[in-house]
Amino acid sequence: MRFLYKYLILLLTVSPLLLPSCKSDNEESEETVTTLNDEWYSGGKAGTVFNATSRAYRQPMPFVNDDNKLYSMFMRGEKLFGQTFVSDTNIGYSGLGPVYIRNSCLSCHPGYGGRGRRVDKYDSDDSQCGYLLMIYNPTLPGKPLATKYFTGMTQTRAVYPFTAPIQEDGIHITWNQFVDEHGNRYEDGTPYSEGTSYEGTLIYPTITIDQDKILFPDFDMSQYAASIEATIGIYGVGLLDAISDEDLRAEYEAQQARGYAQGKLGSDAGEIDETGYNQYYPGLHPGRFTYLCTRATLDNGPGSNAIWNITNVTRPDRRKNYITEEYAKVMSSNSMVQSALKKSQEEIYADLLSTNIESELSQDDYNAFMVWHRTLAVPAARNLDDEDVKHGKSLFNKAGCVACHRPSWTTRDNYLPMPQMSNQKIFPYTDLLRHDLGMIEPGRVDLCRTTPLWGRGLMYLNAGHTDMLHDLRARNYEEAILWHNGQAKTAKENFRTMSKSDRSALIKFLKSI
C-alpha cells in the first residue's frame, strides 16, 4: 500500500509536466516527456519526495520505501518521535525524568514543521510552544551558558518528588516593538507586511526570570541573562550530515578569500571530537548543526542527544542523567525528597549522578530512531517553471542572498551510515557557516548558522504558521529578510529597495524551493 501511495503522490505532483501527446490511430504513437532538472530534487534523487501536502515533512526517502527492513525501522523510529514518555516504570516508554525539558520529541516539533510557533507564555504543556530556554552570561566572550547550575537547555519540569531548576510561571516573554531607520517602510513607501494585522511593525522578544522561581539559593539571576530559541527543522538533516568536512572547509576558505560576508566555521569552542560518539566518523569535526554549530555530526547531533537530554530517558550509550552536579546537591539535601524516596542524602546524590543507570531506551529502538531521523526526506521544489518564480530566483541571486544561502552541495562519495545518500546534488540553500546578522537583542545567538531554506514554503501547511528566525520574531518571509543586518545588510537593503512586484517575486521563489 505504501508503494501505491508514494507513486500516487508523485503522479499528482508532477503530472502537469508529464503529458503524452494525443495521436489518432493513423498517426505514429509517441510521447513528449519533460524531464525535471536537478533543482526540482531539493534533496537529490535519493532524498526527495514529490509531496506538497500537510504530510510533506514526515515522508521517508524513496529508497526507504523500497527496503522492507529500512521501512520497518523508519516506522518504529517515527513512533518513538511521537511517543510521550512517562515516569511510571510499569508502563511502556517509561524513564521520564527525574527532571526534564519535554516529555516527547513531538512536543518541540509539532506537525513535523521543525518548530513550534511564536507564543507569549513559556508553557511546555502547550503543544505549540517549541521554545528552549537558555541561561547565559552576557558579559563574557561567547556568552557562555551557566552550566554550573543549569543544563545547556534549561529544564523546567520534574517528576515527583523532584523540583525543576526553574518554575515556568517565573519565565516571562515580552514582545517589544522595533522601528528601523526607515520607519518600517520600503523605499517605495509601502509599510512592511502590508495588509496584515501587524502591518508596519517589527517585534523581538526579551526574557526575564523571577529570582524566587529559581531552585538554587546562591544563583543571582541579575548577573545573567535568558534567551529563547526555537527548535530547528528536522527533515533533510541526514543529507546535511552527508556533506564532507573537506567541502565545508573549502566553503569557509572561499568566503575568507572573497572579503565580505565571511562566515565562521563551527562553534566558538573549535572542532568537536566525535570519538566514542560516532562509529562512522570518529575524531575532530567542525560543527554544522544547531544555531551555534555546537554539534558536528548527526550521530552526536541535536536529535541523537535530544531523545536523551530532553526527556532524560537513558540508553546504552547515555546511562546517566542529564543534570548538573549543583542540581544533585540541592535535591539530595532536600528533606522532603529524602523522606519521599526513603534514602539518605548520600544515596540520592549518588543515584542522581550515577553513570551506570539502567537503560530505559533499548539499542534497537535508538537505532530505529536514527534511521527515521537520518532518512526524513526533503519535499521537492515546486513551480520552478513559473515566470514569477524564475524572476524571483534571479533577484535572489542579484541581491546577494546566495553569499550565505549557498544553493547547492554534493554529498560525499561514500556516506557510511547510509550509502544510498552518497553523491547526491542537493539544494538546501545554506552554507552551514555562522554569520553576524546584526539583530537587536539576539539573545545568545550573535553569530547564527545560515538556515536551510528548502521546504520552508510548505511550513504553513504543515505547522500552521510562518514564524521564522531563531526566536521566531519574524512572522513571515518579509520580516525574516528585513531582520537581516550586519553581514547581510547589503542583501536586505537590495530587497528593501526593490519594487513591490519584485519583492513579491523573490518571496514567491523562496516559497517554491
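Student: Which residues is F63 in contact with, leaving aside its neighbours within four places in sequence?

Tutor: They are A46, L70, T375, M418, Q420 and M421, where contact means heavy atoms within 4.5 Å. Keep in mind that this is a predicted model, in which local features need pLDDT of at least 70, side-chain atom pairs count only at pLDDT 80 or more, and totals for chains, interfaces and linings use all residues. Residues are numbered from 1 along each chain as its sequence is written, and side-chain values use heavy atoms, with hydrogens and water left out.

Student: What makes the pair F150 and F216 edge-to-face?

Tutor: Rings of Phe, Tyr and Trp (its six-membered ring) pair if their centres lie within 6.5 Å; planes under 30 degrees apart are stacked, over 60 edge-to-face, and the rest tilted. The centres of F150 and F216 are 5.4 Å apart and their planes stand at 75°, so the pair is edge-to-face. F150 sits in the loop between β3 (131-136) and β4 (157-158), and F216 in the loop between β6 (202-209) and β7 (225-230), 66 residues apart. Strands here are DSSP runs (E, at least two residues) and helices likewise (H or I, at least four), numbered from the N terminus.

Student: Why is F150 called buried?

Tutor: Buried means under 20% relative accessible area, exposed over 50%, and partly exposed in between (1.4 Å probe, protein chains only). F150 has 2% relative accessibility, so the residue counts as buried. F216, at 1%, counts as buried too.

Student: Which cluster do ring pairs form with F150 and F216?

Tutor: Ring pairs link Y149, F150, F216, F219 and Y224.

Student: How do you know that F369 is buried?

Tutor: Its relative accessible area is 2%, so F369 falls under the buried cut-off. F369 lies in helix α11 and, leaving aside neighbours within four places in sequence, is in contact with G77, L80, C105, G303 and I307. The C-alpha atoms of F369 and S304 are separated by 8.5 Å, although these residues are 65 apart along the chain.

Student: How do you know that the span of α16 agrees with its number of residues?

Tutor: The expected span is 1.5 Å times one less than the number of residues. Helix α16 (residues 500-512) has 13 residues and should span 18 Å; its end C-alpha atoms are 19 Å apart, which agrees. Among its buried residues are R503, L506 and F509, and what covers the buried residues of α16 includes α12 (387-399), α14 (477-482) and α15 (489-496).
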